[in-house]
Amino acid sequence: MRAASPLVEGYPKRIPLHDGSEVIVRPMKRSDEVRMLEFFSGLPLEDRQFLRHDVTQPENVHRFVTDVHRDTVLALVGERDGRIVASATLQRHHYGWMTHVGEIRVVIARNLQRHGFGVGLVKLLVKAAIQAGVEKIVAEVPSNRTAARKAFERLGFQREAILKRHVKDLCGRKRDLVIYANDVSHIWERMESMVLDFNPTLGG
Ligand SMILES: CC(C)(COP(=O)(O)OP(=O)(O)OC[C@H]1O[C@@H](n2cnc3c(N)ncnc32)[C@H](O)[C@@H]1OP(=O)(O)O)[C@@H](O)C(=O)NCCC(=O)NCCS
């Protein structure tokens with residue numbers, strides 16, 4: 001995994017769940033391939049439909065863990081009792097007019113959903129995005145996915161666009177796709193102005 005080293009500092013971390021238990025979160029490793037395939041294969045189709053590739057296919061999981069597409073800034077996994085129970089990624093283009101934009105995707109095993117884990121994972125990715133210099137973070141959520149909408153809204157994401165009838169659910173029904181965005185550029189602007197303030201050679 002080609003993640004910049006400062007982003008993986010401090011891992012593994014523990015995310016506390018509402019029931020008092022914890023899940024270990026750490027960067028994904030190449031050796032996770034078999035367990036990633038088991039995790040993805042155990043997800044209901046409904047929960048993995050938003051992913052770009054069919055991750056029940058071993059070759060796609062192989063590509064994912066070896067980061068062939070190279071757009072992954074950070075890929076985290078949740079681990080419990082030796083099993084992978086969540087995947088959370090931050091991706092960005094490394095070329096072109098959207099290099100300042102990062103996209104977040106999170107999927108959690110059904111038995112661990114609704115325990116506060118989603119909010120915890122998104123929080124870690126937002127922090128990593130800011131550290132990586134991402135200025136705007138986006139996430140795509142179908143309008144009927146309440147948990148995902150709430151998790152992003154809770155962390156300051158705003159509904160920035162709605163693509164009408166853009167995705168099909170399992171029954172073939174077309175749903176709106178909500179683009180959530182969190183513009184964190186002000187954080188960088190503030191840091192830059194602080195650096196200027198502290199630089200005795202500038203600003204006379
Ligand atoms: C989206 C997802 C990651 C959220 O994770 P989660 O651990 O279930 O979410 P949390 O427990 O942190 O809950 C987030 C919020 O949604 C609420 N919520 C969770 N499930 C809910 C449901 N089924 N209906 C209504 N509200 C729900 C929680 O109460 C919480 O709101 P609050 O903070 O105001 O109390 C998880 O549901 C998932 O993996 N879904 C399948 C994949 C997916 O759709 N990913 C989204 C695209 S990135």
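Biologist: Which element gives the most to the shell around the ligand?

Modeller: That is helix α6, with 6 residues. Before we go on, note that this is a predicted model, in which local features need pLDDT of at least 70, side-chain atom pairs count only at pLDDT 80 or more, and totals for chains, interfaces and linings use all residues. Residues are numbered from 1 along each chain as its sequence is written, and side-chain values use heavy atoms, with hydrogens and water left out.

Biologist: Which elements each supply at least two residues of the shell around the ligand?

Modeller: Helices (H or I, at least four residues) and strands (E, at least two) are DSSP runs, numbered from the N terminus. Here the contributors are strand β5, residues 101-108, together with helices α5 (117-131) and α6 (146-154).

Biologist: Which residues come nearest to the ligand?

Modeller: A residue is near a molecule if one of its heavy atoms lies within 4 Å of it. There are 21 residues around this ligand, and I108, R114, G116, G118 and R154 come nearest.

Biologist: How do the residues of that shell divide into nonpolar, polar and charged?

Modeller: Ala, Val, Leu, Ile, Met, Phe, Trp, Tyr, Cys and Pro count as nonpolar, Asp, Glu, Lys and Arg as charged, and the others, Gly among them, as polar. In this shell, 9 residues are nonpolar, 5 are polar and 7 are charged.

Biologist: How far is a backbone N or O atom of I108 from an oxygen atom of the ligand?

Modeller: Polar contacts are pairs of N or O atoms within 3.5 Å; within protein, one must be able to donate a hydrogen and the other to accept it, and residues adjacent in sequence count only if both atoms are side-chain atoms. For I108, a backbone N or O atom lies 2.8 Å from a ligand oxygen. H115 also uses its backbone, with a polar atom 3.2 Å from an oxygen atom of the ligand. Q113 uses its side chain instead, where an N or O atom is 3.4 Å from a ligand oxygen. Taken alone, the ligand exposes 940 Å², and the protein buries 81% of that. Such areas come from the Shrake-Rupley method with a 1.4 Å probe; for residues, only the protein chains shown count as cover.

Biologist: Is R114 buried or exposed?

Modeller: Buried means under 20% relative accessible area, exposed over 50%, and partly exposed in between (1.4 Å probe, protein chains only). R114 is exposed because its relative accessible area is 82%. You will find R114 in the loop between β5 and α5.

Biologist: What is the phi of R114?

Modeller: Most residues other than glycine have a negative phi, and most peptide bonds are trans. R114 has a positive phi of about 70°, although it is not a glycine. R165, in strand β7 (residues 158-168), also has a positive phi, near 45°. With 55% relative accessibility, R165 counts as exposed.

Biologist: Where is the cis peptide bond, with omega near 0°?

Modeller: Look at the bond from Y11 to P12. P12 belongs to the loop between α1, residues 5-8, and β1, residues 13-16.

Biologist: Why does T66 count as buried?

Modeller: T66 counts as buried because its relative accessibility is 13%. This residue lies in helix α4, residues 58-66, and the side chain of T66 reaches the backbone oxygen of H62 at 2.7 Å.

Biologist: With which side chain does the side chain of E103 make a polar contact?

Modeller: The partner is R105, and the contact spans 3.2 Å. E103 sits in strand β5 and is buried, with a relative accessible area of 15%.

Biologist: How far apart are the C-alpha atoms of P142 and K168?

Modeller: Those two C-alpha atoms are separated by 9.1 Å, while P142 and K168 stand 26 residues apart along the chain. P142 is part of strand β6 (residues 136-142) and is buried, at 18% relative accessible area.

Biologist: What distance separates the C-alpha atoms of T146 and A75?

Modeller: For that pair, 71 residues apart along the chain, the separation is 24 Å. T146 brings us back to helix α6, and this residue counts as partly exposed because its relative accessibility is 39%. E135, in the loop between α5 and β6, is also partly exposed, at 33%. Its C-alpha atom is 14 Å from that of G156, 21 residues away along the chain.
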